[in-house]
Amino acid sequence: MLKSMTGFGRGEYIDSTHRIVVEIKAVNHRYNEIVIRMPKTLGSLEDRIRRTIANTILRGRIDAFITVDEYGEKKKAVRVDKELAMAYHNAMRELAGLLEVPVTDNIYHLSKYPDVLKVEEVTEDVECLWPKLLTAIEGAIGNLMKMRETEGSNIEQDLEARVDKLQTYIATVEERAPQILVEYREKLLSRMRELLTAAGAEPDETRLLQETAIFADRTNFTEEIVRLKSHLAQFNTTIKASEAVGRKLDFIVQEINRETNTIASKANDSTIANVVVEIKSEIEKVREQIQNIE
């Protein structure tokens, strides 16, 4: 089944201590580009988050948004700035000596000096948070892929209808091909008779056959028709594949367009020229659709 490159998915994990929300948005892109926006505290997990997303989403511009809410009281710790405390202590001793007063070492008073004691929140071990985060990420990816597959199914149906149209046009071109030669021979014979009548001569059948043969060789596009049919068959097979096929389909469409241009230049026929215009119009619509395929 085809997968679209665009989609949105949301995943959430909630327990008694955390609420984690992951939202993933994907749009068209030639390659696989992943941009993650998350709290700085999760920085050490970024590589794992990126690999988890890339293992499933193979192509597109992917924006992942991660928010983490903690419940309950946060653990706190008191840190002593030992160097600063010693600096205050030594400064007090120096000041006491300068003023010739006794030194009174009081820990309680020393602790009140600026920045000697600092209260800090204890950072949670992100390794313990990873299983919870992974659950939310997988939920977001799962919902995103459902949307991608739904849109991909719609694109697949549209492409199948357009390929059917192309096959009909090609059948028209193939059916028209022999008539081109017949009409050319009749037109050439008529012209020869018109020119030779005044001279009282008859057209040279041998020369007529030679000219017709040269024209037939120059306007023969049988090989291009065969290749076109082959490319369309390959296209139909490819859109049923389970892997990412967007780039492959783009290449096949380029080949279809190339063969169509060759037929147009060889045919030298207004009827086929009009059909080729319709073929190229359908090809362009197909090309637009596959730009959105993973």
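The model is a predicted one, so local features need pLDDT of at least 70 and side-chain atom pairs count only at pLDDT 80 or more, while totals for chains, interfaces and linings use all residues. Residues are numbered from 1 along each chain as its sequence is written, and side-chain values use heavy atoms, with hydrogens and water left out.

I start with the whole chain. The chain has eight helices and six strands. Here helices (H or I, at least four residues) and strands (E, at least two) are DSSP runs, numbered from the N terminus. Starting at the N terminus, the order of elements is β-β-β-α-β-β-α-α-β-α-α-α-α-α. Of the 294 residues, 33% count as buried; buried means under 20% relative accessible area, exposed means over 50%, and partly exposed is in between, with a 1.4 Å probe and protein chains only. As for contacts, meaning heavy atoms within 4.5 Å, residues 24 or more positions apart account for 80% of those with a separation of 6 or more.

Next, the sheet. Four strands form an open sheet in the order β1-β2-β4-β3, and the pairing is mixed. Two strands pair if DSSP finds at least two bridges between them. Which strands stand at the edges? They are β1 (7–14) and β3 (32–37); each has a single partner strand, so one side of each is left without a neighbour in the sheet. From one strand to the next, the twist averages 15 degrees.

Going across the sheet, β1 and β2 run antiparallel and are joined by eight bridges. A hairpin of three residues links β1 to β2, and Tyr13 stands opposite Ile20 in β2. On to the next pair: β2 (residues 18–27) and β4 (residues 60–70) are antiparallel over ten bridges. Ile20 has Val68 as its bridge partner in β4, and Glu23 has Phe65. At the other end, β3 and β4 run parallel, with six bridges between them. One of the positions to look at there is Glu33, whose bridge partner in β4 is Arg61.

Between β3 and β4 comes a helix. β3, α1 and β4 make a left-handed β-α-β unit. For the handedness, a crossover is right-handed if, with the strands pointing away from the viewer, the path from the first strand over the helix to the second runs clockwise. Helix α1 (residues 46–54) lies across β2, β3 and β4 and runs at about 135 degrees to β3. Such angles run from 0 to 180 degrees between N-to-C directions, and the axes are lines fitted to C-alpha atoms, for helices over the stretch in contact.

Is Ile49 buried or exposed? Its relative accessible area is 1%, so Ile49 is buried. Not counting residues up to four places away in sequence, Ile49 touches Ile36, Met38, Ile66, Trp130, Leu133 and Ile137.

Now the cores. A nonpolar core is a set of buried Ala, Val, Leu, Ile, Met, Phe, Trp, Tyr and Cys residues joined through side-chain atoms within 4.5 Å. The largest one has 31 residues, and Leu159 and Phe235 touch the most other members. Elements giving two or more residues to this core are α4, α6 (222–238), α7 (246–267) and α8 (270–290). α4 gives the most, eight residues. Beyond four places in sequence, Phe235 is in contact with Leu159, Val163, Leu249, Ile252, Val253, Val286 and Ile290. Another core lies apart from this one; it has 24 residues, including Val22, Ile34, Ile141 and Met145.

Lys132 sits in helix α4 (residues 126–197). With 16% relative accessibility, Lys132 counts as buried. Which residues does Lys132 contact, leaving aside its neighbours within four places in sequence? They are Tyr13, Asp15, Thr17, His18 and Ile20. The side chains of Lys132 and Asp15 are also joined by a polar contact of 3.0 Å. A polar contact is a pair of N or O atoms within 3.5 Å; within protein, one must be able to donate a hydrogen and the other to accept it, and residues adjacent in sequence count only if both atoms are side-chain atoms.

The other is Asn292, in the segment after α8. Asn292 is buried as well, at 10% relative accessible area.
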